[in-house]
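I opened a notebook for this model. The entries below record what I looked up, in order.

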Amino acid sequence: MAFEPQLSVIGLGYGGLPIAMAFSKKWPLKGFDLDRNRINQLQEGFDRTGQYESDQLLGARIHFTAEAKQLRDCNFHLVAVPTPLNEEDQPDLSPLVSACKTIGTFLSRGDIVVFLATVAPGTTEDLCLYTLEQASGLIGGVDFKLAYSPNRIDPGNREQSLLHTPRLVAAEDEATLATVLKVFRSVVQAEVTPVGSILVAEAAKVLEVTQEDLNHALMNEMAIILDKMDISGHEVIQAAATNPSFRSYVPGLTGGRYNAAAPYYLSQKALTLGYTPQVILAGRRVNDHMSNFIAAKVVKELVRANQPVLGAKVTLMGLTLAADSSDIRHTKLKNLIRELQEFGMDLQFHDPHADPHAVKEALGMLPRKFEDLALANALVVLVPHQEYREFGLEEWLGLMEPQGVVLDLAGFIDPKPLISRGHRCWNL
Ligand SMILES: NC(=O)c1ccc[n+]([C@@H]2O[C@H](COP(=O)([O-])OP(=O)(O)OC[C@H]3O[C@@H](n4cnc5c(N)ncnc54)[C@H](O)[C@@H]3O)[C@@H](O)[C@H]2O)c1
């Protein structure tokens with residue numbers, strides 16, 4: 001009898017919810033999360049990640065549940081739980097292990113489990129397989145099958161990037177691969193490429209992310225060197241980008257939850273194999289240092305503008321991972337905040353996209369509405385949200401004290417009008 005996929009999505013966060021929304025348009029689907037609050041909110045039409053409107057959620061053909069046993073009649077499980085770092089920058093696989101234990105309670109003969117998370121090569125067929133077998137009493141490769149298809153979603157617009165970004169798929173045998181390809185190709189409008197093994201697909205994903213992290217590190221290091229010569233990194237990168245073979249990466253506080261994690265996952269794996277990586281974590285060290293560099297820069301700019309450092313009012317604008325995104329899981333922003341506070345600065349936050357309560361939970365302070373912001377001695381603009389792009393000179397001036405300084409990490413603010421009005425304006 002032909003396999004009739006009945007989907008479940010395990011983990012309905014920033015990555016899992018768009019997967020559930022997109023796949024439910026083609027297949028019967030249940031969405032599971034162990035966070036009951038999240039499930040209650042989704043059932044009521046509220047998405048705290050800010051990706052979907054109420055009518056989209058209420059109109060979706062998804063059975064949202066926090067009861068694992070409700071997934072018993074599903075046979076094709078998409079696992080989208082987080083694989084972050086812990087406080088010591090060590091891979092934290094506990095959500096993945098816990099998800100496998102939960103899946104083990106309802107896994108049935110003939111099921112396919114597809115992992116989507118970024119992991120070190122070998123994790124799916126080692127840790128995940130072992131945990132699923134232990135929890136279910138079934139035998140992997142015989143009773144149930146494994147597959148892997150890494151997420152390549154862009155934090156700016158996850159569902160669109162899910163639909164339009166080429167994707168890799170791997171499975172433990174040909175028949176499973178054919179089924180997984182059929183399901184993904186029915187939804188993803190870009191190329192879905194089968195690769196030879198789950199190991200190759202896992203390794204490809206960590207390589208993609210690590211390459212991006214190293215490219216950011218190179219731009220960051222270049223920006224630090226150029227800054228010592230009072231040259232704008234953004235301007236130099238734009239100039240270099242006129243060479244068609246140059247790949248542009250923006251310098252900044254590179255520390256998204258997953259691009260910061262992959263190099264550590266890869267390095268930890270290398271160490272277990274007796275090889276000490278030379279390059280992979282060098283990039284991370286540069287990127288991890290950017291929060292100190294930027295905090296020191298705020299101090300220098302204040303001093304140069306004859307402004308006080310102790311007690312300086314500093315507005316951090318744009319707290320999300322990317323422009324126009326609501327995702328505030330920026331691992332390095334916390335470091336920048338801590339550094340600025342250690343200098344005795346008085347911070348206030350602004351972001352037009354982030355959920356204020358999520359900001360309070362993650363960063364310890366509610367963001368202010370535009371009209372409630374106190375005049376600042378320094379504006380630190382982290383990402384170029386559309387709202388900020390539309391600011392004219394008067395809006396910027398209206399946010400600062402007369403000698404206020406602007407630190408534009410994204411390099412999108414025209415400095416000349418501000419300088420002509422007596423303000424310092426620095427970009428990376
Ligand atoms: N978010 C992205 O843009 C992105 C991009 C590329 C790859 N990824 C990959 O997608 C995976 C998921 O990331 P995310 O950003 O969606 O994470 P997230 O933190 O937004 O969401 C994870 C969700 O999983 C739930 N969860 C945690 N443990 C669970 C368990 N044991 N059982 C059921 N639910 C559980 C949480 O309650 C949460 O709602 C990551 O491994 C990451 O590698 C994400």
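**Sheet, domains, ligand shell**

I started with an open sheet of five strands, ordered S10-S9-S11-S12-S13 and paired in parallel. Strands here are DSSP runs of E with at least two residues, helices are runs of H or I with at least four, and both are numbered from the N terminus. Two strands count as paired if DSSP finds at least two bridges between them.

The model is predicted: local features need pLDDT of at least 70, side-chain atom pairs count only at pLDDT 80 or more, and totals for chains, interfaces and linings use all residues. Residues are numbered from 1 along each chain as its sequence is written.

I checked the edges: S10 (346-350) and S13 (424-427) each have a single partner strand, so one side of each lacks a neighbour in the sheet.

I then looked at S11 (residues 376-381) and S12 (residues 400-408), which run parallel and are joined by five bridges. Alanine 376 sits opposite methionine 400 in S12.

Next I noted the domains, whose bounds come from an automatic or database domain assignment. The protein chain has domain 1 (7-196) and domain 2 (216-427). Their C-alpha centres lie 33 Å apart. I found 15 residues of domain 1 in contact with 21 residues of domain 2, contact being C-beta atoms, placed from the backbone, within 7 Å.

Last, I turned to the ligand. Of the 28 residues around the ligand (C-beta, placed from the backbone, within 6 Å), Gly11, Gly13, Gly15, Ala117 and Thr118 come nearest. Helix H4 (residues 94-106) gives the largest share of this shell, four residues.

How values were computed
Contact = placed C-beta atoms within 7 Å.
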